[in-house]
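Please keep the sequence and the model in view while reading.

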Amino acid sequence: MPREEAPEVTAAHRPHLSLPRGRRPGAVALVLHGGEPTSTLPVTRLDPALLRMIPFARDVRLRSRGRVGPAVLRNAVRGWNGDAKSSVADAEWALGRLRQRFPDVPIGVIGHSMGGRTAFELAGHPEVSSIVALAPWLSDAYAAEPFVGTPLLVVHGLRDRRTDPAAARDLVERVAAAGGDAQFVGLDDAHAMLHRAPAWHRLASRFTIDRLLAR
């Protein structure tokens with residue numbers, strides 16, 4: 001893909017974080033949606049990429065019986081936007097808010113597509129205790145070492161034509177070889193995660209619950 005100059009993101013764009021509701025959770029799952037390589041269009045509440053992640057948030061809450069509270073991040077804009085890494089800045093802002101609100105609980109990340117790439121950028125972040133990347137959009141620059149201290153699950157549709165399951169598997173194998181807690185699961189599905197949706201939800205939830213509540 002040719003390098004493109006990142007478009008300007010103005011002060012009018014703001015991310016939004018839906019905080020866990022109900023009783024105080026024992027852990028938090030930050031849920032990150034997908035996007036586009038380049039766009040400064042705002043993400044609306046009805047954006048399909050955002051809506052696709054709501055079932056993941058619901059599943060982790062229900063499967064953990066409320067012990068893991070989901071926090072869904074709506075990015076300010078749709079794009080990654082080159083060196084600006086717009087979604088990473090939003091995720092770091094969200095982690096700061098979550099740590100202020102929940103100062104002593106572990107935080108895991110569940111991200112799809114561009115949200116998976118955003119999650120990879122958070123590997124080794126002091127506030128991140130686990131990563132689940134779903135059909136992640138990978139950069140070929142990722143080294144294994146930052147992931148060694150952060151449990152990692154990558155789930156990928158083997159019929160995905162938008163992101164590369166072979167590259168995702170390679171990263172997981174390199175992390176595992178370096179001594180990390182890293183797993184890869186391939187599913188008979190495509191990028192949108194619709195054909196085997198319950199399996200995607202279950203895998204993401206179980207890994208997040210196991211890694212966060214076992215601490």
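The text below takes the sheet, then its helices, then a helix pair.

This is a predicted model, in which local features need pLDDT of at least 70 and side-chain atom pairs count only at pLDDT 80 or more, while totals for chains, interfaces and linings use all residues. Residues are numbered from 1 along each chain as its sequence is written, and side-chain values use heavy atoms, leaving out hydrogens and water.

Helices (H or I, at least four residues) and strands (E, at least two) are DSSP runs numbered from the N terminus. Two strands pair if DSSP finds at least two bridges between them. Seven strands make an open sheet of mixed pairing, ordered S1-S3-S2-S4-S5-S6-S7. S1 and strand S7 (182-187) are the edge strands, each pairing on one side only. Strand S2 (residues 27-32) pairs with strand S4 (residues 107-112) in the parallel sense over five bridges; Val 28 has Ile 107 in S4 as its bridge partner.

Axes are lines fitted to C-alpha atoms, for helices over the stretch in contact, and angles run from 0 to 180 degrees between N-to-C directions.

| Helix | Strands touched | Angle of directions |
|---|---|---|
| H2 | S2, S3 and strand S5 (130-134) | about 165 degrees with S3 |
| H4 | S2, S4, S5 and strand S6 (152-157) | about 145 degrees with S4 |

The axes of helix H3 (residues 86-101) and helix H4 (residues 114-121) come within 9 Å and cross at roughly 60 degrees. Ser 87, Val 88 and Ala 91 of H3 meet Met 114, Thr 118 and Glu 121 of H4.

Terms used. Contact means heavy atoms within 4.5 Å.
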